Amino acid sequence: MIAVKRLAENAPVPFGITFETEVTNLMALKHENIVELVHYCHEAQKKVVQHNGRYVIVDVIESCLCYKYLPNGSLDKHLYADTPSMINWDTRFKIIKGICQGLHFLHKDLNLDTERGPLIHMNLVPNSIWLDDNWVPKIADFGLSRLFGKEQTRMYTVNVKGYNGYMAPEYLYRGEISTMSDIYSLGMLILEITTGEKNCAVSEDRSARKFVDNVHQNLKTDEQIIHKYPSLGPNGLQQVRACIVIGLKCVEVDRSKRPTIVDIVDKLNGKRVPILDLA
């Protein structure tokens with residue numbers, strides 16, 4: 001069974017990368033935590049449209065992506081307190097680790113044996129994380145992704161797109177794209193998954209700093225964590241504490257203070273990571 005996503009007509013693709021090349025890159029992504037793209041179609045059709053009071057014939061490009069169907073749908077359907085199938089902490093931690101492993105693959109593993117650099121996802125939000133029947137997360141929705149060159153570390157754009165609350169400040173206000181753009185979005189995801197609360201960004205707070213401040217104030221002690229998850233054992237408490245530290249560090253306004261995806265995966269696996277040590 002497959003799921004078909006129809007892209008917007010004439011939807012823009014990353015600069016310098018054709019639709020076919022982008023799709024070929026996605027079809028080459030084979031990882032447990034990356035959604036499987038099985039096929040695509042892309043064609044131009046003639047359509048008659050009205051323009052300035054006249055009917056004209058234009059070329060309209062229509063594109064569809066065919067993904068492997070995942071029965072549990074997207075993460076946002078299970079994440080928050082007001083959702084009918086709210087998930088427990090063990091499942092939440094499994095999802096956090098899976099997303100981080102998938103991002104590690106995109107940022108680090110892709111360029112080990114090739115001449116290309118990292119793939120920056122640019123749209124890590126709850127509805128771009130899909131879940132299979134075993135709650136294994138799959139990163140999906142690569143419509144805004146950017147493929148870097150081997151030695152490339154950043155690029156700039158004037159075409160800033162994304163969801164409020166998940167876009168890094170340097171991207172939102174300067175159009176700067178780097179792996180740290182994904183790390184900021186990942187931090188917001190981790191905080192939402194850990195707290196079960198929505199990141200409700202508004203136009204006056206597009207980087208969701210109020211949400212970040214609330215997490216910092218409401219879950220800064222073990223007593224506050226236990227109050228939220230009363231059935232946690234010592235291991236679970238340590239996991240929640242680590243996820244809060246990671247999430248808050250990922251959403252630092254200064255990109256140079258954020259951890260890399262390697263740091264994050266190491267911390268989740270119980271290793272000591274200086275940049276993520278508690279103050």
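**Note on a surface patch and a buried serine**

1. In this predicted model, a nonpolar patch on the surface is formed by Val 48, Tyr 55 and Ile 57, which together have about 390 Å² of accessible area. Of these residues, Val 48 has its place in strand E2, the strand that covers residues 37-51. Val 48 counts as exposed because its relative accessible area is 60%, and the cut-off for that word is over 50%.

2. Ser 128 is found in the loop that runs between strand E4 (116-120) and strand E5 (129-131). Is this serine buried or exposed? Ser 128 is buried, since its relative accessible area is 0%, where buried means under 20%.

3. The surroundings of Ser 128 can be described residue by residue. Leaving aside residues up to four places away in sequence, Ser 128 touches His 121 and Asn 123 as well as Lys 138, Ile 139, Ala 140 and Asp 141. For Ala 140, which is 12 residues from Ser 128 along the chain, the separation between the two C-alpha atoms is 5.1 Å.

4. On confidence, the protein chain has a mean pLDDT of 84, with 86% of its residues reaching 70 or more. Over residues 9-18, however, the pLDDT is below 50, and this stretch has 17 contacts in the model beyond near neighbours in sequence. Where pLDDT is low, the predicted coordinates should not be read in detail.

Notes:
Residues are numbered from 1 along each chain as its sequence is written. This is a predicted model: local features need pLDDT of at least 70, side-chain atom pairs count only at pLDDT 80 or more; totals for chains, interfaces and linings use all residues. Side-chain values use heavy atoms; hydrogens and water are left out. Patches are made of residues with over 30% relative accessible area and no salt bridge: like charges are joined within 9 Å, nonpolar side chains (Val, Leu, Ile, Met, Phe, Trp, Tyr) within 5 Å. Accessible areas come from the Shrake-Rupley method with a 1.4 Å probe; for residues, only the protein chains shown count as cover. A salt bridge is a side-chain nitrogen of Lys or Arg within 4 Å of a carboxyl oxygen of Asp or Glu. Helices (H or I, at least four residues) and strands (E, at least two) are DSSP runs, numbered from the N terminus. Buried means under 20% relative accessible area, exposed over 50%, partly exposed in between (1.4 Å probe, protein chains only). Contact means heavy atoms within 4.5 Å. pLDDT is the predictor's confidence in each residue, from 0 to 100.
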